[in-house]
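Me: I am new to this structure and would like to learn how to read it. Please take me through some features one at a time.

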Amino acid sequence: MADSLVERRSIDVVPDDERHGNAFSQFTLWLGANLQITAVVSGALAVIFGGGAFWSLIGLLVGNLLGGAVMSLHSAQGPRLGLPQMISSRAQFGVRGAVVPLLLVVVMYVGFFASGSVLAGQAVGELTHLGQTSGILVFAVITALMAAIGYRVVHVLGRVASVVCALAFVYLGIRLLDRIDLGAALADRAFDLPMFLLAVSIAASWQLAFGPYVADYSRYLPRHTSSRATFWWTLAGTTLGSQWSMAFGVLVAASAGEAFLDDQVSYVVSLGGTGLIASLLYFVIALGKLTINVLNTYGGFMSMVTGISGFRGQRALSQRGRSAYIAVIMIAGTAVALLGKDTFLTSFKDFLLFLLTFFTPWSAINLVDYYLISRERYDIPALSDPDGRYGAWRWDALSVYAVGIVAQLPFLATTFYTGPLVEPLGGADISWVIGLLVPALLYWLLARRDTTHIPAATITAPDRVPAG
């Protein structure tokens, strides 16, 4: 493999002679990606919207484990296929049909880029004394430049952030425990099912939202890398990082109330101190957000290319094209950040839960197909050929996807829409459970009836005949 730091691959398969690294790299990447301020705010939401700290912590852990397990199953696909995550969706939805979930994936990336930029903009603005708006703009440009460099810089950022942010969170945790009465914060043990399920849903949606791009960051691992190792290291990193950050957010929200709501970043920094320490903490917050926003930008451009290339027959992408796609993600995300920065906290909770409606059916279909129907056997060249074995549109999967979305609506609870079955359940939102189970079962029943499109073994080149 060339030693150049700038990545040459995009949506094309990574050849075996360019593979490198080991499964532990997934631990450092996802630990660093989750030790950041947006995860803190996500955990705080469980308390801000009415939950008690004790059961919020447990609910968040359940959600992180369940959602993280689904996300990690996607991660394990990367070494086997050597492809970006959403390319494999063509095996289920068709080469062109995959554009349907892809459109929603791109919206997700733009939304996460925007939400991350709002909080990072506060940190950069304070650090540089330029203010939040200028901070958002500076942060967006740096993010785009990092994403343009590609895969190697993503993992370098992950390793650095996993150490730096972990040290910062240990320090902030000690300072927080000095300020609050932990026993008093956890004293309320009254169980409220709707609030508990809200905490589970917040954490699960956080993890499931990584699903559409998680394999992008494991696809360079050698093909012989253990699927179990990839799964467990990914799960360990993402669960530890997110639960750590969210638990911190729960305790901050339970003890600070309005002081935290007014300015999340400044309040967290104030826990650590003033002067040089405050500047270092603003830097750490910006570093944590840079790590995850580079992932969002990189994943966003991958998804845009995947969707468009299904119609253009494109198998690779030039550096100029790569820069253009990244610029589109950056501009769109920055515009949303600037427009929504004053109503961030309320809109972010609904954004998280609404996203879940569209990505749980996709995850269910993708995982059932990969692990139970195709059993990890794909014709990789055919994923770029609308006239090949997967076809242009696979209406069975698209129909199941639509049913999976609609089936969740009666159970969905947001400020702009509440389903009719939410009230009988005491206000609990269980839509994401329905969104996993219903399409998983329906797709399994439909897809197992016709497996003629499944090769006997994974095909990596057009002229290769699969083994027995």
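Me: At what angle do the axes of helix α14 and helix α15 cross?

Reply: Axes are lines fitted to C-alpha atoms, for helices over the stretch in contact, with angles from 0 to 180 degrees between N-to-C directions. Helices are DSSP runs (H or I, at least four residues), numbered from the N terminus. In this predicted model, local features need pLDDT of at least 70, side-chain atom pairs count only at pLDDT 80 or more, and totals for chains, interfaces and linings use all residues. Residues are numbered from 1 along each chain as its sequence is written, and side-chain values use heavy atoms, leaving out hydrogens and water. Here the axes of α14 (residues 276-312) and α15 (residues 319-340) cross at roughly 120 degrees and come within 9 Å.

Me: Which residues of α14 and α15 make the contact?

Reply: Contact means heavy atoms within 4.5 Å. From α14, the residues include Tyr298, Phe301 and Met304, and from α15 they include Tyr325 and Ile329.

Me: How many salt bridges does the structure hold?

Reply: A salt bridge is a side-chain nitrogen of Lys or Arg within 4 Å of a carboxyl oxygen of Asp or Glu. The structure holds 4. One of them joins Glu376 and Arg80, with the closest N and O atoms 3.7 Å apart. Glu376 lies in the loop between α16 and α17 (395-408) and Arg80 in helix α4 (residues 77-81), so the pair ties together parts 296 residues apart in sequence.

Me: Where is Leu372 found?

Reply: Leu372 is in helix α16 (residues 344-373).

Notes
Helix = DSSP H or I, 4+ residues; strand = E, 2+ residues; numbered from the N terminus.
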